[in-house]
Amino acid sequence: MIEREQVLHVARLARLEISEADIERISGELSGILEHVDRIATLDLEGVEPTSHVVALENVLRPDTPTPSLPRERVLEPAPDPVDGAFRVPSPGPQ
Amino acid sequence: MSELHELTVAAALQRIGAGELAADEYFDAYAEATADDDLNAFLWRAEPGSRGAGGEPLRGVPIGVKDLFCTEGIETTAGSRILEGYRPPYTATAVRKLGEAGARLLGKTNMDEFAMGSSNENSAYGPVLNPWDRSRVPGGSSGGSAAAVAGRLAPAAIGTDTGGSIRQPAALCGIVGLKPTYGAISRYGMVAFASSLDQCGPLTRDVTDSALLLRTMEGRDPHDSTSVGIAPGVALPSREDLAGLRIGVARDFSHHAEGVEPGVAEVFERSLQLVAELGGEVAEVELPHAEHGISAYYVIAPAEASSNLARYDGVRYGLRAEGSGELVEMYERTRAQGFGAEVKRRIMLGTYTLSSGYYDAYYGQAQRVRTKIADDFASAFEQVDLILTPTSPSVAFELGAKTADPLAMYLSDYFTVPMSLAGIPAISIPAGLAEPPGGGSRLPVGLQITAPAFAETALLDAAHALERAIGFDARPGCAG
């Protein structure tokens, strides 16, 4: 069972604001999914190599040739608050 | 709808080549049809009269593109509020290659938000309706692409498949959907969900059109280091029998599996009879870890998603929550307002399983299961050339039927997830019609054919032979 405190902790890690009303629902849903997922916990896979990538590729190299990047103004265009060729963000607050 | 809307892409190209059909007329017939889209299949549509740059061999062919692919200057939302209004500064490689071959962008198709879903009900822009029965889902996450092709609003479309998102909607809509080998097509410009699994592929009316689109899009791309293409290319399918081929069926991972609807099992059994009639030899294989695919997938995919979706923070593109105060508060509010319930659920799940103390128990174990699933397929392919399964345990279900139970929704992908984890190609072709469990008009059932990595030509050839033998000619509104 995923407890209330764990839900709040994970939401903080994921930078997701969650409402008080949602905590219980999320706790129930995550617990249900993890209960199903836990079926693989009992498999004895000692010594089995984990797979992170399925195609046998190693050190994909390319010549280090400079190519043009996208123009700065095009990249900034979709930003919510572009200023002076940069992304403006709210203050991070007192550190 | 006219007779033009019934043509496959290959048939239309033949007419265009023979001077019997103008490419512009072909495109406009579809652009006019999408203007009356009552399936909510499209999020953006090209106007009739839009013209491309020309090119061969797909001259003038209108293509629906899942809204997960970046299209320069054209809104790309990934089905999410957080990207509403986003106009990318560049175009995805797969879309660019189609354009260079002469295809024209017909529209951007609706989808589950960030490709997370099996019913298209997770779109921030409303669900897509299944053209066979508008009270039912088209499947997901490429539901808009599948519904558009089945509903004669597009001759062909592209989608993405992370755990079944091309194959399952193709099955539920009665069309052909191909997930190529991981690495066959560049992922550059495809909004990332789970990077080790995501793969682009075609949704088409028949197997030949699937091959046509695949051979246009495949290839190594310097912008995606994991792309390798398919050597030595993809041939157009011509096979009419299965003589000399061994076709594997895994008893516990077939129509005998728990939860498979009787109608789906019946259609699957008929397909196995056809294999024998076509000269193929049906052989039993073992895939002992395939049943654990869903568990491994729902650790790996959300873990990768929680990392990939960290970029939506209100800084570089998309939504920023108003009046947010300081920086972290802005991140948290923006993501709370911009993401839908399923996306939040997966971010939470992925963040949890990757968090300190849980990483090896969940993510590490899931990656080891992934190895076992890939090994199972490799052993099976020492004995057989191809493996058959149903594509989906069920026919199209009713809107709302599974929205309250995330796990029930996830199990829709039972037969499609293991191939994604193993990175191997699989295609769904329409194999017949079946009555849904509660009764009602008959709905399409998909047959999934799986091949070893990079064996797309052999896969499409066998699919072509089966397609001919099945002779599926039902279509929405005329199920017979």
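At what angle do the axes of helix α8 (residues 293-308) of chain B and helix α10 (residues 341-354) of chain B cross? In this predicted model, the two axes cross at roughly 100° and come within 7 Å of each other. Angles of 65 to 115 degrees count as roughly perpendicular, and α8(B) and α10(B) are therefore roughly perpendicular to each other.

On the α8(B) side, the residues that meet α10(B) are B:Val299, B:Pro302, B:Ala303, B:Ala305 and B:Ser306. Their partners in α10(B) include B:Ile347, B:Leu349 and B:Leu354, along with B:Arg346 and B:Gly350.

The domain assignment of chain B gives domain 1 (3-246 + 382-470) and domain 2 (291-366). Taken over C-alpha atoms, the centres of these domains of chain B are separated by 26 Å. The contact takes 28 residues from domain 1 and 22 residues from domain 2 of chain B. On the domain 1 side, α12 (406-410) and α13 (417-422) of chain B are the elements that give two or more residues; α13(B) gives the most, with 3 residues.

The two contacts divide by residue class as follows.

| Contact in chain B | Nonpolar | Polar | Charged |
|---|---|---|---|
| α8(B) with α10(B), residues of the contact | 7 residues | 4 residues | 1 residue |

The largest nonpolar core has 163 residues. This core draws at least three residues from each of domain 1 and domain 2 of chain B. B:Ile63 and B:Leu386 have the most contacts inside the core. Leaving aside neighbours within four places in sequence, B:Ile63 is in contact with residues including B:Leu98, B:Leu105, B:Leu106 and B:Ile158.

How values were computed
Residues are numbered from 1 along each chain as its sequence is written. Chains are lettered from A and ligands numbered from 1 in the order in which they are written. This is a predicted model: local features need pLDDT of at least 70, side-chain atom pairs count only at pLDDT 80 or more; totals for chains, interfaces and linings use all residues. A nonpolar core is a set of buried Ala, Val, Leu, Ile, Met, Phe, Trp, Tyr and Cys residues joined through C-beta atoms within 7 Å. A residue is buried if 20 or more other C-beta atoms lie within 10 Å of its own, exposed if 12 or fewer, and partly exposed in between; C-beta atoms are placed from the backbone. Domain bounds come from an automatic or database domain assignment. Two residues are in contact if their C-beta atoms, placed from the backbone, lie within 7 Å. Axes are lines fitted to C-alpha atoms, for helices over the stretch in contact, and angles run from 0 to 180 degrees between N-to-C directions. Helices (H or I, at least four residues) and strands (E, at least two) are DSSP runs, numbered from the N terminus. Angles under 35 degrees count as roughly parallel, over 145 as roughly antiparallel, 65 to 115 as roughly perpendicular and the rest as oblique. Ala, Val, Leu, Ile, Met, Phe, Trp, Tyr, Cys and Pro count as nonpolar, Asp, Glu, Lys and Arg as charged, and the others, Gly among them, as polar.
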